[in-house]
Amino acid sequence: VQLVESGGGLVQPGASLRLSCAFSGRTFSTYSLGWFRQAPGQEREFVAAISRYTGSILYSTLYADSVKGRFSISRANAKDTLYLQMNNLKPEDTAVYSCAARDSAYGSRRVNDYHYWGQGTQVTVSS
C-alpha cells in the first residue's frame, strides 16, 4: 500500500484547507483510514478516522476533541482518495499531517493500530 498526501500549505488563522491522500496498491474500499499530525518536538497525535466501505452510504467517523466541529474526514472510493477538510484553522493546528491505512473495518485513535503511512504534508497556520 502506498499513501501520498497533498494539499498542505501556509494559511492565515481562520482559513480553510483540504488535504488529500491518494491510496494505491490494494483495494481502497477495504481499508479504514485515519489522519494524524505531528508538530515539532511533539508526538504524533490522532486527528480523525473513517471506517471502510460496508455497502452503506454512511461511514463511522472519529475525531479528536481539538478538531471536532472544524475538521471533516471523508473518502471517495471511486477515486481511491481520502480527504480532510479543515476549516477555521488555528495556529495550534500547525503540524505535518499524515494519512494512514488500517486493514480493519473501523478506524482507530491509536497510532500503532495502522499498518501503512504516508510521508506527510506540512500545514502551517500563521498570520
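Colleague: What makes you say that the charged end of arginine 75 sits over the ring of phenylalanine 28?

Modeller: The charged end of arginine 75 is 4.5 Å from the centre of the phenylalanine 28 ring. The label asks for NZ of Lys or CZ of Arg within 6 Å of the ring centre and within 35 degrees of the ring normal. Arginine 44 gets the label too, over the ring of tryptophan 117, 4.2 Å from its centre. Bear in mind that this is a predicted model, where local features need pLDDT of at least 70 and side-chain atom pairs count only at pLDDT 80 or more, while totals for chains, interfaces and linings use all residues. Residues are numbered from 1 along each chain as its sequence is written, and side-chain values use heavy atoms, with hydrogens and water left out.

Colleague: Why is the pair of phenylalanine 36 and phenylalanine 46 called edge-to-face?

Modeller: Rings of Phe, Tyr and Trp (its six-membered ring) pair if their centres lie within 6.5 Å; planes under 30 degrees apart are stacked, over 60 edge-to-face, the rest tilted. Here the centres are 5.7 Å apart and the planes at 75°, so edge-to-face it is. Phenylalanine 36 is in strand 4 and phenylalanine 46 in strand 5, ten residues apart; strands are DSSP E runs of at least two residues, numbered from the N terminus. The structure holds eight aromatic pairs, and Phe23, Phe28, Tyr31 and Tyr116 form one aromatic cluster.

Colleague: How do you know whether phenylalanine 36 and phenylalanine 46 are buried or exposed?

Modeller: Buried means under 20% relative accessible area, exposed over 50% and partly exposed in between, with a 1.4 Å probe and protein chains only. Phenylalanine 36 has 1% and phenylalanine 46 has 9%, so both count as buried.

Colleague: What makes strand 1 and strand 7 edge strands?

Modeller: Four strands form an open antiparallel sheet in the order 1-3-8-7, and two strands pair if DSSP finds at least two bridges between them. Strand 1 and strand 7 each have a single partner strand, so one side of each lacks a neighbour in the sheet. Strand 7's pairing with strand 8 has six bridges, and phenylalanine 71 has methionine 86 as its bridge partner in strand 8.

Colleague: Which residues touch the most other members of the largest nonpolar core?

Modeller: Trp35, Leu84, Met86 and Tyr97, out of 34 residues. Such a core is a set of buried Ala, Val, Leu, Ile, Met, Phe, Trp, Tyr and Cys residues joined through side-chain atoms within 4.5 Å.
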